[in-house]
Amino acid sequence: MNAKHLSPGSLNERRKQAVRLRLDGHTVLKVTQQTGLSAPTVSAAWKAFREGGWAAVPVKTRGRLKGQANVLDASFQEVLWQVLNQAPPDDAPAWSSAGLADWLKENHNLELTQRAIEHWWESEGLKHEPWPLVRFAKQRSQQGRWYRQSVEPLFSKTKEATQRWQVGVRRIAHPSRSVYQFYLHGVRGRLLMRCFERPPVAADYVSLFKALSRQGPGVVVFHGALLEVSPEVKQWLAEQPAFWLVPVPRNLAITA
Amino acid sequence: MTSLTHLQRLEAESIQIMREVVAETENPVMLYSVGKDSAVMLHLARKAFAPAPPPFPLLHVDTRWKFRAMYEFRDHMAEDIGMDLLVHINPEGIEKDINPFTHGSAIHTDVMKTEGLKQALDKYGFDAAFGGARRDEEKSRAKERIFSFRTAQHRWDPKNQRPELWKLYNTRKHAKESIRVFPISNWTELDIWQYIYLQNIPIVPLYYSAERPVVERDGALIMVDDERMPLEPGEVPMMRKVRFRTLGCYPLTGAIESEADTLPAIIQEMLLTKTSERQGRVIDNDSAASMEKKKQEGYF
């Protein structure tokens, strides 16, 4: 079985088969016999799997990847990080790209477009897509059941709640920084954020919710922290007549 | 002649060790800690003596601080396999309410694990105990022989070990001596995962990545498994995708951030890792050579 003139598709299939056989404990020699690939190819596929998982096993496509274009200057980036770690001005709950651009211009005399900031968010892993909650309404899935049982009744019960937020907290796997992020999406899905260098504490959650409640009666679908064990957050929420919080159940996949 | 894969060779070696122990000792027991190594060891034991069940009971030395998922899994397994499961908790530990938070990890481990194990072995008169320790976990485990002899007080003398040349095991015991036997000592963490994958061995779900509530303590991610876990003022547990490489008492076991929620993904992660799984155990960092000291005192 000669694998010298295989199409990329069948070569990739054989590379995957070679990895499966190696996972089953077969020697390189045995794998070469079964797949028709050469020993260096089997070893290369195995090495690629070890370093990058199944996604790395197929042969690579050519060309520059998306997002590999120009990057912001290091000093610019440092300023951006500093600002994101501060509380936003004017009682805003978090930073929007427009708010950040204005602040940088006014306070640091830095000209940066919203688009450039959003690109930078993406490159630093800060970008977050809103959850497709409305799409869950008609789905016969775990997400659909949760939406119909927990979110929809609250939305219909609280017609006066003009503000509907998706809020979450997460740790970003950043190569050089410790980054914890509050991410927020309003009705239109626009992203707002606030970052921390340490895990947020109860006071951070309370001040975020206070800022959101100042914008009017609201419902927050929340993911990322076990707020029910924090007495401070529980107490604050209990005192609010027009602010409702719906926690996303653990391990419910709600990503877009 | 067909050649065996390295896993088949390891399997054959472990089965031979188990049969040797059953043939040479009077009252053996298998220590069952509910982790992945115990799961593999139990699977090997069932293979070694099939179709009969293994001719020894399982012993779980409980500390009352294991993960809830571990207790559920233990009870489910005991029901499933039809072997006797003995559970021992040090009564003095219960009386004094020994716990990792107020007493610290060293005292908790000593009282609830080391003393608890010694009590259980004495109580039932076991003269050989299978343990799932592996050489690649920790340096003192690396130098321990497969047949590790213990004095009447369960002490281990690392400078007085028997040679095991050509895999020949000297099982002769002095009066009141006992043996700790490590049938999977020569396996690596990766071997364990490949074997679990190939043999479809059930394991505690905590080994798979999932969203779990964790807090950061001294660089370790500690899961908030029940309401007994005291939180710092203002601390809020975050939901993070984590899994455990090793399982012990939940306040003393660090999780790792991981996306590996299937066995092939875990195996891939193992191929890349450069640290020992025991780095997640707080008790191993108590002091230099802490494991060796604990082992000398009777820890397994």
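Start by selecting helix α7 (residues 189-199) of chain B, where Glu189(B), Asp191(B), Ile192(B), Trp193(B), Gln194(B), Tyr195(B) and Ile196(B) are the buried residues. What you have open is a predicted model, in which local features need pLDDT of at least 70 and side-chain atom pairs count only at pLDDT 80 or more, while totals for chains, interfaces and linings use all residues. Residues are numbered from 1 along each chain as its sequence is written, with chains lettered from A and ligands numbered from 1 in the order in which they are written.

Now show what covers those buried residues of α7(B): the cover includes α1 (8-23) of chain A, along with α1 (6-24), α2 and α8 (263-272) of chain B.

**Next stop: the core.** Select Met193(A), Met30(B) and Val181(B), the residues with the most contacts inside the largest nonpolar core, which has 99 residues. Such a core is a set of buried Ala, Val, Leu, Ile, Met, Phe, Trp, Tyr and Cys residues joined through C-beta atoms within 7 Å. Helix α2 (residues 36-49) of chain B gives this core its largest share, 6 residues. Apart from this core lies another, of 10 residues, including Ala18(A), Val31(A), Leu37(A) and Val57(A).

Zoom in on Met30(B): beyond its neighbours within four places in sequence, it is in contact with Met41(B), Leu42(B), Ala45(B), Phe56(B), Leu58(B), Leu59(B) and Phe130(B). Contact means C-beta atoms, placed from the backbone, within 7 Å.

**Then the chain contact.** Chain A brings 26 residues and chain B 24 residues. On the side of chain A, colour α3 (39-52), β2 (163-172), α9 (202-213) and α10 (231-238), the elements that give two or more residues. That side has 14 nonpolar, 6 polar and 6 charged residues, with Ala, Val, Leu, Ile, Met, Phe, Trp, Tyr, Cys and Pro counted as nonpolar, Asp, Glu, Lys and Arg as charged, and the others, Gly among them, as polar.

**Last, the domains of chain A.** Colour domain 1 (8-56), domain 2 (74-123) and domain 3 (133-247); the bounds come from an automatic or database assignment. The centres of domain 2 and domain 3 of chain A, taken over C-alpha atoms, are 22 Å apart, and 9 residues of domain 2 are in contact with 13 residues of domain 3.

How values were computed. A residue is buried if 20 or more other C-beta atoms lie within 10 Å of its own, exposed if 12 or fewer, and partly exposed in between; C-beta atoms are placed from the backbone. Helices (H or I, at least four residues) and strands (E, at least two) are DSSP runs, numbered from the N terminus. Two residues are in contact if their C-beta atoms, placed from the backbone, lie within 7 Å.
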